[in-house]
Amino acid sequence: MKISDKLKDHILDSIAEGVMTVDKNFRIHFFNRAAERIIGYKREEVIGQFCKNVFKSGLCYVDCPISTALKSRKNVFDFEANVESRNGKTIPIKLNAAVLYNDDNMPTGGIISFRDISELEKIKKSIEKASDYHGIIGRSKKMREIFDLIEEIKDSDASVLIQGESGTGKEVIADAIQKSSGRSNKPYIKVNVSVFPPHLLASELFGHVKGAFTDAVRDRAGRFELADGGTLFLDEVAEMPLQMQPQLLRVLQEGTFERVGESVTRKVDVRVIAATNRNVEEALKQGVLREDLYYRLNVIPITIPPLRERPEDLEPLVRFFIRRFSITYKKEITDIEDAALDILSGYDWPGNVRELENAIEYAFVRSNGNIITARKLPAQIREKISANIPVSKYYSCDDEPERKEILDVLDKHKWNKTRAAQELGIGRTTLWRKMRKLKIID
Amino acid sequence: MCEMLGNQYFLARNFTEAEKEYEKCLAEHPENKLIRKKLIICHTQTGKFNQAINEFLYLAREDLDFLTHTDIVEDDCPCAEIIYEIEKDFLLNIEDSLTFTIMGILWAYCDLDRAYEYFKKSLEIKKDEKVEKILSLINEKTTTPNQGGNL
């Protein structure tokens, strides 16, 4: 069914994203209603104008996204930029860009779709402000050591290998490393190695030339080329097929590679941050990960402890997530009841911070009042924690003086752990841990 | 692809890269006057002055009106900015014929009278066949009707 031009315009005018097309001289020839709303110009005022004079972004002179798409022969996705509105206000946007081709495969213009991310930026800034380090919560000694290490290496381009169980925050640590590095304003590309079938991974990382394989209809730059001058985050690096690992090793050592199907050697300057949740020693023993690659990646090793090994971070994390979700969901939930916190403190968190975040979000969505109660927590977490029944508050034995002191204070405060912890001068989660260790509770 | 990429570089005032793309395009499409018109400006900025003069003369012979009718704002012509920078650098004390010739080329895009003055000054310092030819083309033009052009 052929769609008329008028209908196409109606469709484009109905969407929330701004859409603009330019001809090959970069003069605007289409500007939808959403673009008018975001930028503040009516379409009649911009049609025929050079796009750089309408958007007034520094990007136009340095890193035009349509030009990037033209050179790389690859669409640009989720590119963040600042543009200037009609009234001179700076608007942060996220855009996608593509080149328009005619039937002879010659470029005839470009298209940019974009959305105003001012609100999102406000949320990000608010969350970052509330965090301990670049959006990460960590008051435990182990996390503090990681933050110190990131500060120490910020002037270095050495490879980093981040290890940790699933859900511990390897990607956020990688983000923090990139943000504090000298390449923070350069391209930052992320690849999860495990999502690509082996026969496509090489093309994804190193690119390919037209005709290299059945679906290779045009030349395509790989992630290493897109990250040139910047940083590449390789998540789940130990899942990389063994036969591809020498290629990765070569790029790390020499900065050179060839696109699939091509013999031209290309050179890039990329800082690599890698991550894995595999046990690396096991992977090396099984021969799944090459030793030479491991040593090349592991110049700076970072191991993130599982959440259960840093209980003092649990309550700050819970409060951080509550604050974040209150902004995202625009709900006035600002606190969590002691019983809920007790349950969360007693759980092992096999899924680590990600599982905790999901649990808080679940409770958040279900809650109606301004406080998260134990009843609203996920059932599988509540059920795994046995009832908080003290073994006996009159238990008499020759146990440590500490046990007696804790019992006395709990008794004094009618088992209100918040007040007891305050009197003892320790955190609630630390109190909880001591109570379990000293067999005050199961 | 080279024309569109060249256009983006030109708009971004990256004359070195624009020149590379436009040269590629012109090799494939020597009839494209618009590319040639922009390429002249690129040559003046990359130091390829003889090429700038040659291309200018070529285009002036072919279609002087196309060359000289440029709306600085509408066409985003960089000539005004470039002229300002040159005059600032030289503090208006230009003494060599080549600089006068280049200034003449740049002025020609929007003000033929000013261009004429600069070409004349160039000839006063040093005789040059090409500059003489340019002047003669301008003289011919001033006795014929104007036509539109763009950048």
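A:L161 is buried, at a relative accessible area of 2% (buried means under 20% relative accessible area, exposed over 50%, and partly exposed in between, with a 1.4 Å probe and protein chains only). The model is predicted, and local features need pLDDT of at least 70, side-chain atom pairs count only at pLDDT 80 or more, and totals for chains, interfaces and linings use all residues. Residues are numbered from 1 along each chain as its sequence is written, chains are lettered from A and ligands numbered from 1 in the order in which they are written, and side-chain values use heavy atoms, with hydrogens and water left out.

A:L161 belongs to strand 6 (residues 160–163) of chain A; helices (H or I, at least four residues) and strands (E, at least two) are DSSP runs, numbered from the N terminus. Leaving aside neighbours within four places in sequence, the residues in contact with A:L161 include A:V237, A:A274, A:Y294, A:L297 and A:I302, where contact means heavy atoms within 4.5 Å. The C-alpha atom of A:L161 is separated by 6.1 Å from that of A:I273, although the two residues are 112 residues apart along the chain.

A:S140 is placed in the loop between helix 7 (118–130) and helix 8 (141–152) of chain A. Beyond the neighbours within four places in sequence, A:S140 is in contact with A:R310, A:E312 and A:D313. With A:D313, the side chain of A:S140 makes a polar contact of 2.8 Å. A polar contact is a pair of N or O atoms within 3.5 Å; within protein, one must be able to donate a hydrogen and the other to accept it, and residues adjacent in sequence count only if both atoms are side-chain atoms.

Chain A has 21 helices and 14 strands, and 47% of its 442 residues count as buried. Of the contacts in chain A between residues at least 6 apart in sequence, 63% join residues at least 24 apart. Chain B has eight helices and zero strands. Of its 151 residues, 53% count as buried. In chain B, residues 24 or more positions apart account for 59% of the contacts with a separation of 6 or more. The accessible surface of chain B is about 7300 Å², and 49% of this belongs to carbon and sulfur atoms.

Between them, chain A and chain B bury about 1600 Å², 59% of it on carbon and sulfur atoms; buried area is the accessible area (1.4 Å probe) that two parts lose on being put together, summed over both. Chain A gives 21 residues to the contact and chain B gives 14 residues. Eight residue pairs are in polar contact between chain A and chain B (both at pLDDT 80 or more). On the side of chain A that touches chain B, the elements giving two or more residues are helix 4 (51–55), helix 5 (59–62), helix 6 (65–72) and strand 5 (107–116) of chain A. The residues of that side divide into nine nonpolar, seven polar and five charged (Ala, Val, Leu, Ile, Met, Phe, Trp, Tyr, Cys and Pro count as nonpolar, Asp, Glu, Lys and Arg as charged, and the others, Gly among them, as polar).

Over all chains the count comes to 47 salt bridges, a salt bridge being a side-chain nitrogen of Lys or Arg within 4 Å of a carboxyl oxygen of Asp or Glu. B:E3 lies in helix 1 (residues 2–11) of chain B and A:K24 in the loop between strand 1 (18–23) and strand 2 (28–31) of chain A, so this pair joins two chains. Their closest N and O atoms are 3.1 Å apart in the salt bridge. B:E3 counts as buried at 16% relative accessibility, whereas A:K24 is partly exposed at 33%. Three salt bridges are counted between chain A and chain B.

Within chain A, the side chains of A:E165 and A:R308 meet in a salt bridge of 2.5 Å, N to O. This pair links distant parts of the chain, 143 residues apart. Both residues are partly exposed, A:E165 at 28% relative accessibility and A:R308 at 39%. Salt bridges that share partners also join A:K52, B:R13, B:D76 and B:E81 into one network.

Note on methods:
Accessible areas come from the Shrake-Rupley method with a 1.4 Å probe; for residues, only the protein chains shown count as cover.
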